[in-house]
Amino acid sequence: MLALRTFFGARPMLRFVLTAAALYLGWVVGYEQGLGPDNALDRTLSVHIATTAAALLRGLGFAAHVSALAPSTVSLAGHPAVFVGDPCNGLVLYALFMGFVLAFPGPIRHKLWFMPLGVLAVYSLNVFRVAVLALNHAYWYHTVEFNHHYTFTFVAYGCIFGLWMIWVRRLAGNAGATFSTALQHA
């Protein structure tokens with residue numbers, strides 16, 4: 001066991017890649033064998049994002065709602081505006097974010113608070129995205145597809161990258177510095 005610890009301690013990039021690959025494999029198997037076929041988590045998350053986005057819009061003075069018949073669809077002024085499909089509910093983004101933080105070296109005590117805070121930030125960004133897409137549909141419908149597929153994808157991954165950089169540069173501590181040094185010498 002000590003030999004493995006010494007081996008991986010001298011090769012932080014290898015440790016990161018192997019840990020990330022193991023977490024990815026665990027995610028794929030766990031999702032395909034448990035979460036995916038059941039669909040309950042995806043469905044619940046999609047409904048929650050739509051409901052929260054509609055509440056945000058109502059708080060801003062817009063006539064937004066989600067009906068019982070279409071609980072994943074945000075409507076504005078009685079017209080359907082945005083359907084939150086399972087691929088767009090952010091679940092994969094949460095897993096991606098947490099997988100990176102778990103795989104990257106750093107103190108577990110920081111990971112225990114940073115991961116939930118990061119997931120909450122990504123969730124909030126997704127709620128904001130759905131609300132803005134609903135407004136986009138109502139006022140500039142011809143740009144919805146572009147904004148959905150490109151603008152918000154860029155923004156979401158940019159924010160996740162920013163959170164990762166906060167982790168690497170500020171919270172991973174000496175482990176982050178050791179990893180960065182190892183990358184420079186690789």
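Trainee: Leaving aside neighbours within four places in sequence, which residues are in contact with Thr73?
Mentor: The model is a predicted one. In it, Thr73 belongs to strand E2, which covers residues 73–76. Once neighbours within four places in sequence are set aside, the contacts of Thr73 are Ala50, His65, Val66, Pro80, Val82 and Phe83.

Trainee: Is Thr73 buried or exposed?
Mentor: A residue counts as buried when its relative accessible area is under 20%. Thr73 has a relative accessible area of 14%, and therefore Thr73 is buried.

Trainee: What share of the residues in the protein is buried?
Mentor: The protein has 186 residues. Buried residues account for 34% of them.

Trainee: In what pattern do the helices and strands follow one another along the sequence?
Mentor: The protein contains 7 helices and 3 strands. Read along the sequence, these give the pattern α-α-α-β-β-β-α-α-α-α.

Trainee: How far does helix H5 reach from its first C-alpha to its last?
Mentor: Helix H5 spans residues 108–139 and has 32 residues. At 1.5 Å a residue, a reach of 46 Å is expected, and the model comes close to that. From first C-alpha to last, H5 reaches 46 Å.

Trainee: At which residue does H5 bend?
Mentor: The bend in H5 is about 25 degrees. A proline, Pro116, follows within four residues of the bend, which is at Phe114.

Trainee: How much of the accessible surface of the protein belongs to carbon and sulfur atoms?
Mentor: The accessible surface of the protein comes to about 11,200 Å². The part that belongs to carbon and sulfur atoms is 70%.

Methods. Residues numbered from 1 in each chain as written. Predicted model: local features only at pLDDT ≥ 70, side-chain atom pairs only at ≥ 80, totals over all residues. Heavy atoms only, no water. Helix = DSSP H or I, 4+ residues; strand = E, 2+ residues; numbered from the N terminus. Expected span 1.5 Å × (residues − 1). Bend = angle between axes of the 7 residues up to and from the residue. Buried < 20%, exposed > 50% of the residue type's maximum accessible area, 1.4 Å probe, protein only. Contact = heavy atoms within 4.5 Å. Areas by Shrake-Rupley, 256 points an atom, 1.4 Å probe, with all protein chains shown as cover.
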